[in-house]
Amino acid sequence: MKKMVKKIYIKRFIMGLLLCGALLTTFESITGRQVSSLFSSEQVSANSKEEKKNHVRESRVVNQLNQQIPTDVDEQTLEGSFDWSKYRKVKVTATGYTAGYESTGKEPTHPSYGITYSGVKVQRDMFSTIAADLTVFPIGTILFIPGYGYGVVADKGGAIKGKKLDLYYETVEDVYASWGKKLLDVYVVKEGKGTLTEKQLKVWNEDQTMKVFRQQYIDEKS
């Protein structure tokens, strides 16, 4: 008796699978779409929505700054266009560095040449990559550094301990001509959470409402 019941259930299970297969085949023949494509489409859609959310989230960082910009900014600088007293101030010693051998011990042929601890490439822009003591300023922290611009913590260094920063420049000549070594106050615009991506830097640097300020840094490099 038990064997007969078991056989009945097995037959029903097999018939159920065959029925499901038949329904899927019919669906694909009528719609011309594979069932698997529906799930992949949903995944692409979900990823696209998540990317849009991330873009909006990162844009808010710049938008919060934009609210303070005066209407006439043609001849303005970042230093004079914002009320930096609203942000936490930290006194630091800041030096300059490059991606070259003199700063990192790496030649251009090295596979990780120009790659920071966070994984992003070094860059000098309105939002530039800088090195810091990660116990003081975590990866992703945005600092406003008078005379330099926005520095985004992307790297660390063996000699960068405590309230010290290393600011990225493209050449050694730029380091000596534009910076050297300074003791100054910097302002914490955004506290980092330990991560940083190329997309974040791209969103911040390419925000159209900040293009007047960014152009100043582009002109400096040309």
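Q: What stands opposite isoleucine 145 in strand 4?
A: Glycine 149 in strand 4 is the residue opposite isoleucine 145. Please keep in mind throughout that this is a predicted model. Strand 3 and strand 4, over 4 bridges, pair in the antiparallel sense.

Q: How many residues lie between strand 3 and strand 4 in their hairpin?
A: The hairpin has 3 residues between the two strands, and glycine 147 in its turn has a positive phi of about 90 degrees.

Q: In which sense do strand 2 and strand 4 pair, parallel or antiparallel?
A: Strand 2 and strand 4 run in the parallel sense, with 5 bridges. Within strand 4, valine 152 is the residue that threonine 129 stands opposite.

Q: Which elements does the protein contain, and in what order do they run?
A: The protein has 7 helices and 6 strands. Read from the N terminus, the order is α-α-α-β-α-β-β-β-β-α-β-α-α.

Q: What share of the contacts joins residues at least 24 apart?
A: Among contacts between residues at least 6 apart in sequence, the share is 71%.

Q: How should I read the nonpolar interior?
A: The general idea is that nonpolar side chains tend to be buried together in soluble globular proteins. Here the largest nonpolar core has 44 residues, and Leu78, Phe137, Ile145, Tyr150, Leu165 and Leu167 have the most contacts inside it. Two or more residues are given to this core by each of strand 1, strand 2, strand 3, strand 4, strand 5, strand 6, helix 6 and helix 7. Strand 6 provides the largest share of this core, 5 residues.

Q: How many aromatic pairs are there?
A: Two rings count as a pair if their centres lie within 6.5 Å, and by this rule there are 12 aromatic pairs. Tryptophan 84 and phenylalanine 144 form a stacked pair, with 3.9 Å centre to centre and 0 degrees between the planes. This pair links distant parts of the chain, 60 residues apart: tryptophan 84 is in the loop between helix 3 and strand 1, while phenylalanine 144 is in strand 3. Both tryptophan 84 and phenylalanine 144 are buried.

Q: Is the pair of tryptophan 84 and tyrosine 150 stacked or edge-to-face?
A: The pair is edge-to-face, at 6.1 Å centre to centre and with 65 degrees between the planes. Tyrosine 150 is in strand 4, 66 residues from tryptophan 84. Ring pairs also link a cluster, including Phe82, Trp84, Phe144 and Tyr150.

Q: Which charged residues lie over the face of a ring?
A: Arginine 124 lies over the face of tyrosine 148, 3.9 Å from the ring centre. Lysine 182 lies over the face of tryptophan 179, at 4.0 Å from the ring centre.

Q: How much accessible surface does the protein have?
A: The accessible surface comes to about 14000 Å², and carbon and sulfur atoms hold 56% of that surface.

Terms used:
Residues numbered from 1 in each chain as written. Predicted model: local features only at pLDDT ≥ 70, side-chain atom pairs only at ≥ 80, totals over all residues. Heavy atoms only, no water. Contact = heavy atoms within 4.5 Å. Areas by Shrake-Rupley, 256 points an atom, 1.4 Å probe, with all protein chains shown as cover. Phe/Tyr/Trp six-rings, centres within 6.5 Å; stacked < 30°, edge-to-face > 60°. Buried < 20%, exposed > 50% of the residue type's maximum accessible area, 1.4 Å probe, protein only. Lys NZ or Arg CZ within 6 Å of the ring centre and 35° of its normal. Core = buried A, V, L, I, M, F, W, Y, C linked by side-chain atoms within 4.5 Å. Pairing = 2+ DSSP bridges.
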